[in-house]
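Please look at the sequence and the model now, and I shall then take you through them.

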Amino acid sequence: SALGIVLVAINPYEQLPIYEQDVIYAYSGQNIGDMDPHIFAVAEEAYKQMARDEKNQSIIVSGESGAGKTVSAKYAMRFFATIGGSASDTNIEAKVLASSPIMEAVGNAKTTRNDNSSRFGKYIQIGFDKRYHIIGANMRTYLLEKSRVVFQAEDERNYHIFYQLCASSSLPEFKDLGLSK
């Protein structure tokens, strides 16, 4: 039988000191009910079950636009990168999170509810070796909101990449993209 843990998180729309490195270590090794509800508690439980049962684990992050789904997913990845460490000297956390600005430029847009709203779903796989160290990650996108390319509601914008390309159209590199016409 599958264990189902539900965490209801509220986006405070400001940075709070509850996602720092010391908080990660405070949740590491704890049981799910021993600490306050937190994305790190959910991540720790998934990590423990992966190690104990040697079975894949899933964390589903769901919510309305602007609820903080992308940020919650980043915090879960940061937790795994910190406690799962890297099997090599490369900074896996940096590599996993480095794709975010590129993904956000191509797949995020301004909506009436969120200036940086992800307009696609993400499926992120994080691979671990037998010592439970992170060895890599893979991110897939799905359900991209294609209608935004040709139409935006009032007070909304196209994907960020559209405006970034327009702003850089005078740069010499732009002609190599074949977008001038």
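Predicted model: local features only at pLDDT ≥ 70, side-chain atom pairs only at ≥ 80, totals over all residues.

Let me start with M50. Leaving aside neighbours within four places in sequence, M50 is in contact with K55, Q57, F128 and Y132, where contact means heavy atoms within 4.5 Å. M50 is found in helix α2; helices here are DSSP runs of H or I with at least four residues, strands are runs of E with at least two, and both are numbered from the N terminus. M50 counts as buried because its relative accessibility is 14%. The classes are buried for under 20% relative accessible area, exposed for over 50%, and partly exposed in between, with a 1.4 Å probe and protein chains only.

Residues are numbered from 1 along each chain as its sequence is written, and side-chain values use heavy atoms, with hydrogens and water left out.

Now the chain as a whole. The protein chain has five helices and four strands, and from the N terminus on the order of elements is α-α-α-α-β-β-β-β-α. Its C-alpha trace spans about 55 × 35 × 35 Å along the principal axes. Of the 181 residues, 28% count as buried. Among contacts with a separation of 6 or more, 52% come from residues 24 or more positions apart.

I return to α2, this time with its partner α3. How do these two helices pack, in angle and in distance between axes? Helix α2, residues 39-53, and helix α3, residues 69-83, pack at an angle of about 50°, and their axes are 9 Å apart. The axes are lines fitted to C-alpha atoms, for helices over the stretch in contact, and angles run from 0 to 180 degrees between N-to-C directions. The two helices are therefore oblique to each other; angles under 35 degrees count as roughly parallel, over 145 as roughly antiparallel, 65 to 115 as roughly perpendicular, and the rest as oblique. The crossing of α2 past α3 is right-handed, that is, the near helix is turned clockwise from the far one by less than a right angle.

Which residues meet there? From α2 come I39, F40, A43, E44 and Y47, and from α3 come S72, Y75, A76, F79, F80 and I83. The residues of this contact divide into nine nonpolar, one polar and one charged. In this scheme Ala, Val, Leu, Ile, Met, Phe, Trp, Tyr, Cys and Pro count as nonpolar, Asp, Glu, Lys and Arg as charged, and the others, Gly among them, as polar.

Two backbone details deserve a moment. E54 has a positive phi of about 50° although it is not a glycine. The place of E54 is in the loop between α2 and α3, and E54 counts as exposed because its relative accessibility is 60%. D155, also a residue other than glycine, has a positive phi near 70°. D155 is found in the loop between β4, residues 134-142, and α5, and with a relative accessible area of 56% D155 is exposed.

That loop between β4 and α5 also holds E145. Is E145 buried, partly exposed or exposed? At 23% relative accessibility, E145 counts as partly exposed. Not counting residues up to four places away in sequence, E145 touches R119 and Y159. E145 and Y159 are 14 residues apart in sequence, and their C-alpha atoms are 9.8 Å apart in space. S147 lies in the loop between β4 and α5 as well, and S147 is partly exposed with a relative accessible area of 48%. From S147 to N158 the C-alpha separation is 9.5 Å, across eleven residues in sequence.

Finally, S168. S168 is placed in the segment after α5, residues 160-167, and it counts as buried at 18% relative accessibility. A polar atom of the S168 side chain lies 3.0 Å from the backbone oxygen of Q164.

Thank you; I am glad to take questions.

Methods. Polar contact = N/O pair within 3.5 Å; in protein donor to acceptor, adjacent residues only side chain to side chain.
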